[in-house]
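Please keep the structure open as you read.

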Amino acid sequence: MIELADLQICTLRIGPLWCGIAIDHIQEITGHHQLTPVPLAPAVVSGLLNLRGHVITAFDIRTCFALPVRELSERSCHVVIRRRKSLVSFIVDDVGDVIEVDQHALDAPPSTLDTRIRPYVGGILDADADVILLLNVDAITAIAMVSAPS
Amino acid sequence: MTAFDDPDTLHEFVEEAMAILASVDDALVALELSPRDPERLKLVFRGFHNLKGTCGWMSFAKLEALTSAAEQLVDTIRSGDDAFNRVQLRAMFDAVDTSRAWVRSIEKHGCEPSDDVSGMIARLKEHVADKTRGAALEPISSATPERASTDAVAPVTPARTADVAPPPPAQDLLDEAGSRQGETSDTEDANRSRSVRVDVALLDHLMNQIGELVLVRNQAAQFAEDANSRAMKQFHQRLDAVTVALQDCIMRTRMQPVSRLWQQYPRMVRDLSLELGKQVDLRMQGGETELDRTLIEAIQDPLMHLLRNAIDHGIESPQERVACGKSATGTISLQAYHEGGHVNIAVSDDGRGIDIQALRTKAVTDGVIADKQLDTMSDADIVELIFLPQFSTAGTVTGLSGRGVGLDVVRENLEDIGGSVTVFNRPGCGLDFTVRIPLTLAIIPALLVCADRVRYAIPQVNLVEIIWLASTARIEYVYNAPTYRLRGERLPLAFLRDLLSLDASTHTPSADGELYIAVLATGDYRFGLVVDDVLDTNEIVVKPLGLELRGLDCYAGATVLGDGTVALILDASGLARQARVGLTPHSQTTTAQQELVQDKHAMLLFQAGHSRFAVHLADVSRLEQFTATRIERVGEREYLQYRSAILPLVRVDHLVRERRTRPRTSVPPITTETDSIQVIVHEHDERYVGLVVDEILDIVDSTLDTRTQGTRDGVAGTAIIRGKITELLDLKRARHVAQTHVSTTNT
């Protein structure tokens, strides 16, 4: 854990939840894109989008938090995340501010947190009146990892 | 011990050293056959000399000492106008192997390994001293297994002794070889000023950007269409022209001659045949045929496997060969050639082939095939069995390669890149494998289809034909499996909607309505994919799917269409698996596969020499009969004045010769016994060639099995027409022979 650096976190809303992703992971945030469905893919994959010629898998992370899937609205946008060498997109309902927090402010998620959700939460943050769930990007993209056929 | 900080310099050193070692290796193999070849000696000398220099500059002291000792030995031999004996050659091979292992190690760790090479250096020096003393060494028996050879086959022996860093598997070598010129160092000097080394990653990046440009062009096309403006259309046309030219150039930078892959083979064949006590002559043809770099990488393992199989199991021991009336030295030939958007590589040996009866017996005893099924299977079907997993026909399976073990992997690997492999058995005379590879992977033609209002792309490579059905009534169900009768064959069908578990409510396949069947072929099987609609064909840029979706084997990737939306590329073999098409091999599907390559063709049959030949009627522009006296001879060539032009004549019986005999050594005799000759006039690119034949037999509509490739020069393939074995004349070869006629007489 790097003690000195402050953590810059982009806040985003998924349904009623406020979440955060460390800004280092984020390449860009883009608006609406037409999605191409991927039949047979896990439910968390909502489709493929064309980001300036790159084909990127879009995740609807509502499914991770057991929230009902619904039609994408005008305000929903793609948070494009660098993951190792490739890019993925998380579809979120709204994007908030970038906040700077002290590393120390980061708490472990409470032990009572729903075990289905727990793996996707890297930590929690208190910000004003809200609690921000810091997303574990790797764990979320790993759900979709379809095991290769033997 | 030198640690190198600058990775670029180090990388350059490794590249150069590997290039040098590869060419030296090549030259040494050649020297083994003609030990006095001064050019080759010079090459080896210069190779070691250069390497020594670079090592000195990089302060790799031990490698420098080793290469210096090797250089000295070559120099002594060269200056003494002498030749290597076997022991010295072996020492040289060892020196190359060790140097290579060291370069590998240097690449990995940035410094020389701590191993001691003084022994090897001492041995090399000893040879130098022996030479100067004038001591003559007896050549050693070739059957003695050599250290060098056991090392060289290390990749297939699971346990390798690693006292010294083992020489790298030959495959690794190619990664390096892939990015450099394949010429010998002699010509390299000449080329240096005209070519530069470019980082492969940069080329890949460039390729990606061109892919983008192609997409932009496609989008522009759409705009131009919509805008209906003249200026926009012109703009699009220019953009299109530039893009096409650019794409062509960049594709060419990715192309590499297959010889780059092949240059490691002479050494491997030498080592392996030595170890197995066999005599093998490796012939390589068409090494200049170019393939996409990524494809070259993809086929190196399968090809190596086929080659090993041929040496290990195909070619018999010299004694056995002589007993069969063959020459003691077996021949393995590698041939690369273009054929309709594909590159074919044929690996043929003149060994024992496959004993069909033994294979049948084994298939039954191993429980691969039921007794009953066996009766319905043709010999060709039986041979196909060798591609089944864990099916080995070798009496004794050596550690190297059991015939059949791993052939399933060979086929699988090739299918992964959209290629295929077929086998043609000549019992007692050899085995021919033909590997078929698409030209490139990056930009492919594809058919766009529609299912549930979403577009999917099907690579053209897998597409055989499209059938339009006015109603679903013609789909017949065998219990619950939908099939379609296509020219008498029952074609299994699969509904794309079902395969992809798409919502069936929007479209019920049972309701009467028009639909399309895209007949797809993967290496083994053929099936009909039922889609809602067929749109058009398009050049698409293949984009890989994200890691998280790689496991879905129904998709080969994705592409961006002209309107900017993403479309998934369907993977025919993945779909076949999903549809459970041909999970078990049975004769029907294999015949279906054969039919794939069989098509009705009008063929002209004729007799020449003792053989029956055929050419496509479409290639024949006319049939003529001339009096023999009209033949005019220039040198050893024959010509006719035909329609106020010169018609070069090619005698088919001279064009087609058994491989063993040297072509065109004798002057063709002027026909005197008959007073007329039969000539088939063939036209290509406004040039005429007259094929002199003995007798025109017939014109037939025949199916043509193109899987069987030619067994001798001038023959493109063999087919059974009207129940007789008929060879298909290689017109390209005929044109080539005729063309060399004209050019030689013009000068």
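The report below covers the interface and then a sheet of chain B.

**The interface**

Keep in mind that this is a predicted model. Where chain B meets chain A, 26 residues of chain B are in contact with 26 residues of chain A. The two chains bury about 2,000 Å² between them, and carbon and sulfur atoms give 68% of that area. Of the area that chain B buries against chain A, E548(B), L549(B) and V566(B) supply 33%, more than any other three residues. There are zero salt bridges between chain B and chain A, while two residue pairs are in polar contact across the interface, both at pLDDT 80 or more.

On the chain B side, the elements giving two or more residues are β9 (454-459), β17 (555-560) and β18 (566-570). The residues on this side divide as follows:

| Residue class, chain B side | Number of residues |
|---|---|
| Nonpolar | 16 residues |
| Polar | six residues |

**A sheet in chain B**

Chain B also holds an open sheet of five strands in the order β2-β4-β5-β7-β6, with mixed pairing. Its edge strands are β2 (280-285) and β6 (420-426), each pairing on one side only. On average, neighbouring strands of this sheet are turned by 15 degrees against each other, direction ignored.

V423(B) stands opposite F433(B) of β7(B). Helix α12(B) (residues 265-276) packs on the sheet, where it touches β2(B) and β4(B) (330-339). The direction of α12(B) makes about 165 degrees with that of β2(B).

Technical notes
Residues are numbered from 1 along each chain as its sequence is written. Chains are lettered from A and ligands numbered from 1 in the order in which they are written. This is a predicted model: local features need pLDDT of at least 70, side-chain atom pairs count only at pLDDT 80 or more; totals for chains, interfaces and linings use all residues. Side-chain values use heavy atoms; hydrogens and water are left out. Contact means heavy atoms within 4.5 Å. Buried area is the accessible area (1.4 Å probe) that two parts lose on being put together, summed over both. A salt bridge is a side-chain nitrogen of Lys or Arg within 4 Å of a carboxyl oxygen of Asp or Glu. A polar contact is a pair of N or O atoms within 3.5 Å; within protein, one must be able to donate a hydrogen and the other to accept it, and residues adjacent in sequence count only if both atoms are side-chain atoms. Helices (H or I, at least four residues) and strands (E, at least two) are DSSP runs, numbered from the N terminus. Ala, Val, Leu, Ile, Met, Phe, Trp, Tyr, Cys and Pro count as nonpolar, Asp, Glu, Lys and Arg as charged, and the others, Gly among them, as polar. Two strands pair if DSSP finds at least two bridges between them. Axes are lines fitted to C-alpha atoms, for helices over the stretch in contact, and angles run from 0 to 180 degrees between N-to-C directions.
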